[in-house]
Amino acid sequence: MEKKKILEVRDLKKYFPLGKGKLTDDKPCVKAVDGITFDLYEGETLGLVGESGCGKSSLGRTILRLHEPTSGEVLFEGENILTKNKKEMRKLREEMQFIFQDPYSSLNPRMNVFNILSEPLIAHGIYKRGPELDAYIKELMEKCGLPSYYCYRYPHQFSGGQRQRIGIARSLALNPRFIICDEPVSALDVSIQSQIINLMKDMQKEHNISYIFISHDLSVVKHISDRVGVMYLGSMVEIADKDEIYSNPQHPYTKALMSAIPIPDPTRKTQMQVIKGEIPSNVNTPSGCKFHPRCPYAKDVCKTTVPEIKEVKPGHKVQCHFAGEF
């Protein structure tokens with residue numbers, strides 16, 4: 001049976017103007033998200049990887065309109081959410097949630113956990129204050145691995161892993177269909193990371209949630225993801241099933257990323273491919289292929305012509321003139 005698409009992103013762009021004033025054609029700008037297209041299916045996890053500054057977090061925030069897009073389309077269950085007004089978006093936010101990278105700064109230090117978790121439920125009119133709300137909050141905390149009596153404590157009284165569980169509980173409170181996870185385990189130690197990842201996978205199975213999982217940790221992404229997208233300077237340069245992209249990367253940038261994954265094997269024969277040079281400015285991006293100044297395989301056409309996205313195998317798409325030739 002064919003999977004149902006829950007999210008369709010079409011040529012999405014987000015440019016930030018430099019200096020004061022609105023974005024204009026002649027004004028320099030930061031091209032944080034530069035024409036990205038992909039689909040997300042029900043119950044699926046799409047991992048997003050790439051160097052710092054490549055636009056992963058900006059993409060996630062733009063999809064949910066925490067940043068207003070410059071252009072493009074975001075279709076949630078077939079409807080373009082970029083055409084919705086504030087009232088319509090408020091209703092949609094029950095279905096779409098965000099787990100922030102820093103579990104401390106994203107929690108209000110003046111509110112206890114009960115008020116943090118109950119606030120969206122009351123704001124959306126799902127519960128009123130009373131015993132039903134109390135019971136739901138305590139059940140939600142137990143699901144996320146926190147004792148229910150912790151609900152009257154404040155964020156500073158929790159460890160990093162516990163705060164992240166609170167952040168996950170808050171994102172699950174409205175029973176969403178889709179959650180963007182912005183490096184939810186990057187600040188945690190390895191043992192806590194595995195607990196949080198397992199919790200997210202359990203919640204996904206129970207509620208059929210779709211995730212976009214943003215991370216620098218390629219090992220974590222491989223563990224949790226069904227498909228992986230690789231970003232470079234605001235563009236999606238490769239996307240495929242996780243097994244395919246880890247075993248058979250086609251873009252030179254993806255090859256270098258995958259070769260850098262630590263493998264505890266002293267007999268390992270493959271050498272790490274070092275990417276030379278600095279990341280170009282995303283204000284004055286290189287002409288043609290954005291990766292060509294650092295690419296060991298670049299030719300003249302790479303410097304002048306933007307490569308089209310090729311489907312080298314079913315579901316495996318690459319933005320490279322010479323994909324599959326090296």
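What follows goes from the sheet to one of its strands, and then to the helices.

The model is predicted. Begin with the sheet. Eight strands form an open sheet in the order E6-E7-E8-E3-E9-E10-E12-E11. The pairing is mixed. Its edge strands are E6 (96–99) and E11 (309–313), and each of them pairs on one side only. From one strand to the next, the twist averages 20°.

Now look at strand E3, residues 45–49. E3 is joined by four bridges to strand E8 (residues 210–214), and the two run parallel. Within that pairing, Thr-45 stands opposite Tyr-211 of E8. Strand E9 (residues 227–232) is also joined to E3 by four bridges, and this pair runs parallel too. Here Val-49 stands opposite Val-230 of E9.

How many of the five residues of strand E3 are buried? Five of the five are buried, so E3 is largely enclosed by the rest of the structure. The cut-off for buried is under 20% relative accessible area. Side chains in a regular strand alternate between the two faces of the sheet. In E3, Thr-45, Gly-47 and Val-49 point one way. Leu-46 and Leu-48 point the other way. Residues of both sets are buried.

Further along the sheet, the pairing sense can be checked at another pair. Strand E10 (residues 235–241) and strand E12 (residues 316–319) pair in the antiparallel sense, over two bridges. Glu-238 has Val-318 in E12 as its bridge partner.

Helix H1 (residues 56–63) touches E3, E6, strand E7 (178–182), E8 and E9. The direction of H1 makes about 155° with that of E7. Helix H6 (residues 190–207) also packs on the sheet, touching E3, E7 and E8. The direction of H6 makes about 160° with that of E8.

Stay with H1 for a moment. H1 is mostly covered, with six of its eight residues buried. The buried residues are Lys-56, Ser-58, Leu-59, Gly-60, Thr-62 and Ile-63. Just after H1, Arg-65 takes a positive phi of about 65°.

Helix H9 (residues 252–259) is mostly covered as well: eight of its eight residues are buried. The run includes Pro-252, Tyr-253, Thr-254 and Lys-255. Ala-256, Leu-257, Met-258 and Ser-259 are buried too. What covers the buried residues of H9? The cover includes the strands E3, E9 and E10. Helix H7 (218–224) and helix H8 (242–247) are also part of it.

Helix H3 (residues 113–123) packs with helix H5 (residues 160–172) at an angle of about 25°. Their axes are 8 Å apart. Why do H3 and H5 count as roughly parallel? Angles under 35 degrees count as roughly parallel, and H3 and H5 are therefore roughly parallel to each other. The crossing of H3 and H5 is right-handed.

Which residues of H3 and H5 meet? From H3 come Val-113, Ile-116 and Leu-117. From H5 come Ile-166, Ala-169 and Arg-170. The residues of this contact divide into five nonpolar, no polar and one charged. An α-helix has 3.6 residues a turn, so residues three or four places apart point the same way.

Methods. Residues are numbered from 1 along each chain as its sequence is written. This is a predicted model: local features need pLDDT of at least 70, side-chain atom pairs count only at pLDDT 80 or more; totals for chains, interfaces and linings use all residues. Side-chain values use heavy atoms; hydrogens and water are left out. Buried means under 20% relative accessible area, exposed over 50%, partly exposed in between (1.4 Å probe, protein chains only). Two strands pair if DSSP finds at least two bridges between them. Axes are lines fitted to C-alpha atoms, for helices over the stretch in contact, and angles run from 0 to 180 degrees between N-to-C directions. Contact means heavy atoms within 4.5 Å. Angles under 35 degrees count as roughly parallel, over 145 as roughly antiparallel, 65 to 115 as roughly perpendicular and the rest as oblique. A crossing is left-handed if the near helix is turned anticlockwise from the far one by less than a right angle, and right-handed if clockwise. Ala, Val, Leu, Ile, Met, Phe, Trp, Tyr, Cys and Pro count as nonpolar, Asp, Glu, Lys and Arg as charged, and the others, Gly among them, as polar.
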